[in-house]
Amino acid sequence: MSSLPNIATVIGSGTMGPGIAATLARAGATVRLYDISDEAIARAEAAYGVVTGVLEAVGSPMVPGGSVSFGTDLDEALAGTGLIIEAVPEKLELKQKVFADIEARVGDDVIIATNTSGIPITTMAESMTLPGRLIGMHWSNPPHLIPMIEIIPGKATDLALVDKLAEIVKSFNYVPVIEKEIPGFVENRVLYAILRECMALLEEGIVTPEGLDACVKWGIGYKLSVVGPTRLLDMAGLDIYQAVSGYLNKELDVSTDTPQFIKDKIAAGQLGFKTGGGMYEYGEGDVDAKRKEIITGLIAARKTLSSIPNV
């Protein structure tokens with residue numbers, strides 16, 4: 001018997017909402033996707049159509065009975081729900097208001113999970129009537145393609161909730177990673193450590209963006225997609241790690257601010273895909289083509305990696 005609640009609610013239909021909803025629905029849940037405007041809901045419905053196509057392509061199993069509905073009525077979205085996943089923008093005051101609205105409408109036994117990518121769970125829970133039922137449930141983007149979820153309890157979180165949420169995650173064939181609370185959580189801390197060194201190498205003119213991407217994709221990413229970093233150390237030998245880290249660690253970037261060349265690009269309106277230029281320049285149709293290429297690659301990688309049992 002699945003531990004996934006029969007009814008689940010996703011609050012916020014932005015970047016992550018449709019993918020989260022589709023993943024839960026495919027596992028058999030009745031999912032309500034809520035947002036505050038008809039325009040946001042219309043965008044979510046369009047995105048949901050794309051997401052379901054991707055899940056078909058990746059061969060995601062489908063449990064009968066799942067469905068997704070879209071709406072702007074919070075009472076309807078929360079009626080009878082057993083799991084709430086908050087996925088609104090990363091603003092503390094907004095999230096706390098959302099939690100207050102939720103708590104006023106649901107029973108004490110309903111799980112409230114937040115998809116925050118960095119705001120401390122403990123801080124968000126401080127304004128809640130029952131802070132023990134708030135827990136971090138950080139999906140990786142795109143949520144319908146990356147089958148790993150970070151589970152982060154705050155200081156007040158009921159610890160029984162950790163195991164319960166882990167079982168829910170396993171019920172739709174994702175890997176739960178239980179962590180202690182720390183700024184940025186584990187995935188983003190590791191990612192931003194890599195990005196910090198990458199930006200420093202670019203700023204110093206050591207390598208081009210194209211060369212850097214090739215080096216990381218094939219020299220690092222290829223290996224790490226099959227064997228995790230701690231297993232990689234065993235494979236290479238801890239003595240080798242000691243020998244290299246002993247001289248290399250002191251050479252690595254330790255800056256605590258965003259590189260100036262990134263700030264300059266932002267000031268010039270070069271934000272990446274959304275503006276047609278960032279680290280690379282994009283001509284007419286290039287962004288859509290690149291997005292499609294990335295999704296195609298993620299689908300292929302997901303299919304391959306799913307057949308590899310261990311990190």
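1. Start with Pro143, which is found in the loop between strand 6 and strand 7 (148-153). This is a predicted model. Pro143 counts as buried because its relative accessibility is 2%, below the 20% cut-off. Beyond its neighbours within four places in sequence, Pro143 is in contact with Met16, Gly19, Ile20, Thr23 and Tyr174. The C-alpha atoms of Pro143 and Val51 are separated by 9.7 Å, although the two residues are 92 residues apart along the chain.

2. Look next at Pro142. This residue also belongs to the loop between strand 6 and strand 7. The peptide bond from Asn141 to Pro142 is cis, with omega near 0°. As background, most peptide bonds are trans, and most residues other than glycine have a negative phi.

3. Two residues deserve a backbone check for positive phi. Asn173, not a glycine, has phi near 65°. Asn173 sits in the loop between helix 6 and strand 8. At 56% relative accessibility, Asn173 counts as exposed. Phe185 is not a glycine either, and its phi is positive at about 60°. Phe185 lies in helix 7 (residues 185-203). With 1% relative accessibility, Phe185 counts as buried.

4. On to the aromatic residues. How many aromatic pairs does the structure hold? There are six aromatic pairs. One of them joins Trp139 and Phe172. That pair is stacked, at 5.6 Å centre to centre and with 5° between the planes. The pair links distant parts of the chain. Trp139 belongs to strand 6 (residues 134-139), while Phe172 is in the loop between helix 6 (159-171) and strand 8 (175-178), 33 residues apart. Are these two residues buried or exposed? Trp139 counts as buried at 1% relative accessibility, and Phe172 counts as buried at 6%.

5. A second pair is Trp218 with Tyr222. Their ring centres are 5.5 Å apart and the planes are at 70°, so the pair is edge-to-face. Both residues are in helix 8 (residues 209-224). They are four residues apart there, so about one helical turn separates them. Trp218 counts as exposed, at 53% relative accessibility.

6. Trp139 and Phe172 also form one aromatic cluster with Tyr174. Tyr174 is also one of the contacts of Pro143.

7. Now the nonpolar cores. In soluble globular proteins, nonpolar side chains tend to be buried together. Here the largest nonpolar core has 39 residues. Which residues have the most contacts inside it? They are Leu24, Val31, Ile135, Met137, Trp139 and Phe172.

8. Leaving aside neighbours within four places in sequence, its contacts include Ile111, Ile112, Ala113, Thr114 and Ile121. Ile151, Ile152, Pro153 and Thr157 are also among them, as are Leu161, Val162 and Leu165.

9. Last, a helix pair. Two packed helices are described by the angle between their axes and the distance between the axes. The axes of helix 2 (residues 38-58) and helix 12 (residues 286-305) come within 9 Å and cross at roughly 35°. The crossing is right-handed. Helix 2 contributes Val54, Ala57 and Val58 to the contact. Helix 12 contributes Ile295, Ile299, Arg302 and Lys303. By class, this contact has five nonpolar, no polar and two charged residues.

Definitions and conventions: Residues numbered from 1 in each chain as written. Predicted model: local features only at pLDDT ≥ 70, side-chain atom pairs only at ≥ 80, totals over all residues. Heavy atoms only, no water. Axes fitted to C-alpha atoms, helices over the stretch in contact; angles between N-to-C directions. Left-handed = near helix turned anticlockwise from the far one by under 90°. Contact = heavy atoms within 4.5 Å. Nonpolar A, V, L, I, M, F, W, Y, C, P; charged D, E, K, R; others polar. Core = buried A, V, L, I, M, F, W, Y, C linked by side-chain atoms within 4.5 Å. Buried < 20%, exposed > 50% of the residue type's maximum accessible area, 1.4 Å probe, protein only. Phe/Tyr/Trp six-rings, centres within 6.5 Å; stacked < 30°, edge-to-face > 60°.
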